[in-house]
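I opened the model to look up strand pairing, the domains and the ligand surroundings.

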Amino acid sequence: MKVTIYANSSSKTTQVATELHTKLVAAGFEIDDQHPDIVLSVGGDGTLLSAFHHYSHMVDQVRFVGVHTGHLGFYTDWRDYEIDQLVAGLQQDNGQSVTYPLLSVEITYADNGDTDTYLALNESTLKKLGSTMVADVFIQDELFERFRGDGLCVSTPTGSTAYNKSVGGAVIHPRLDALQMAEIASINNRVFRTLGSPVIVAPYETITIRPQQQSNFLFTADQLNTQPRPIKQICYSIANRRIAFAQHRHNRFWKRVETSFIGLDEQ
Ligand code: NAP
Ligand code: MN
């Protein structure tokens, strides 16, 4: 089996990554950055997101394992003091994985109709810089609302505990296939009206955002952020590819949510 380590640059992480590398080589694993079967991300959720984007062109062929060296750890099942256990698990690996949905994003530009596609693991947002964003929101091909506010956030179930949660979206169990759209500071009064709550659409449904102005947008897909040229529309759907995790221990999702956000033990 070919493996690679993808680590952030903190000193704690470097130490853990070095130990992991040594133990993997000693256990007979081949290290291959180009065509790995398994990508071991060492750091935090942000590191796993970067690892995903680094290997997203071959997401069908790789499985991920997250080792975390501090903070929370939603995508990172393994702690830094469990390296021996993890390497032993990988030696017995029988190809099993758990998979989660990804967000597919297709941007169509206003000037010449060109398109760009992106894949996101957490979410994608469209925001306006400096003034109110006005955009029509379609679910399937039906106009749903005219949004006015700072922006919109469309997230995956595993991304629901990230940005989505900060803007009042619901936390969704990662085994559900669904997309969630949450508003970022919508204007709601007698004149302007949006639903005002997050919506969760069915797996086959698409969400399309058509900005009514042409400039000053900030577009994000996980950590990536750009100020794209004028946008005609952005279409969001569940991607036909999924992310796979090896050696996963994601089965106590609600416990993870409790310890990360509530911390009953510490009260
Ligand atoms: P960051 O600023 O370090 O991330 C913000 C926090 O989100 C970190 O604590 C990160 O954990 C955590 N996080 C990432 N994915 C998560 C998930 N699926 N569930 C729960 N927490 C999660 O930036 P980053 O590490 O590069 O991560 C990029 C992500 O930051 C974006 O995808 C977006 O979700 C999030 N973000 C949030 C806000 C907000 O809440 N207002 C604004 C911008 C971006 P680690 O410390 O383990 O990395
Ligand atoms: Mn981070």
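Which residue in β10 is the bridge partner of Thr 125? I found Cys 153 in that place.

**Conventions.** I am working from a predicted model, in which local features need pLDDT of at least 70, side-chain atom pairs count only at pLDDT 80 or more, and totals for chains, interfaces and linings use all residues. Residues are numbered from 1 along each chain as its sequence is written, chains are lettered from A and ligands numbered from 1 in the order in which they are written, and side-chain values use heavy atoms, with hydrogens and water left out.

**Strands around β10.** I took helices (H or I, at least four residues) and strands (E, at least two) as DSSP runs, numbered from the N terminus. I call two strands paired if DSSP finds at least two bridges between them.

- I looked up β8 (residues 123-128) and β10 (residues 142-155) and found an antiparallel pair with five bridges.
- I then checked β9 (residues 133-139), which runs antiparallel to β10 with seven bridges. Within this pair, Asp 136 has Arg 146 of β10 as its bridge partner.
- I noted that β9 and β10 make a hairpin with two residues between them. Gln 140 in that turn has a positive phi of about 55°.
- I counted β11 (residues 179-186) as another antiparallel partner of β10, joined by six bridges. Ser 155 is bridged there to Gln 180 in β11.

**Strands around β16.** I found eleven bridges between β6 (residues 98-109) and β16 (residues 231-245), in the antiparallel sense. Leu 103 stands opposite Ile 238 of β16. I also found β13 (residues 207-211) paired antiparallel with β16 over three bridges. Tyr 236 in β16 is the bridge partner of Ile 207.

**Domains.** I read the domain bounds from an automatic or database assignment. For the protein chain it gives domain 1 (2-96 + 247-266) and domain 2 (102-240). I have their centres, taken over C-alpha atoms, 29 Å apart. Their contact (heavy atoms within 4.5 Å) takes 14 residues from domain 1 and 16 residues from domain 2.

**Ligand 1.** I counted a residue into the shell if one of its heavy atoms lies within 4 Å of the ligand.

How many residues surround ligand 1? I got 16, and the closest are Asp 45, Glu 123, Thr 161, Ser 166 and Gln 223. Domain 1 and domain 2 each supply at least three residues of this shell. I see at least two residues from each of α2 (45-54) and α4 (163-166), and α2 gives the most, with three.

I sorted the shell into five nonpolar, eight polar and three charged residues. Ala, Val, Leu, Ile, Met, Phe, Trp, Tyr, Cys and Pro count as nonpolar, Asp, Glu, Lys and Arg as charged, and the others, Gly among them, as polar.

For polar contacts I looked for pairs of N or O atoms within 3.5 Å. A nitrogen atom of ligand 1 lies 2.6 Å from a polar side-chain atom of Thr 161. I logged 3.0 Å between a nitrogen atom of ligand 1 and an N or O atom in the side chain of Asn 122. A polar backbone atom of Tyr 163 is 3.1 Å from an oxygen atom of ligand 1. Taken alone, ligand 1 exposes 810 Å², and the protein buries 65% of that. I used Shrake-Rupley accessible areas with a 1.4 Å probe.

Note on methods. Polar contact = N/O pair within 3.5 Å; in protein donor to acceptor, adjacent residues only side chain to side chain.
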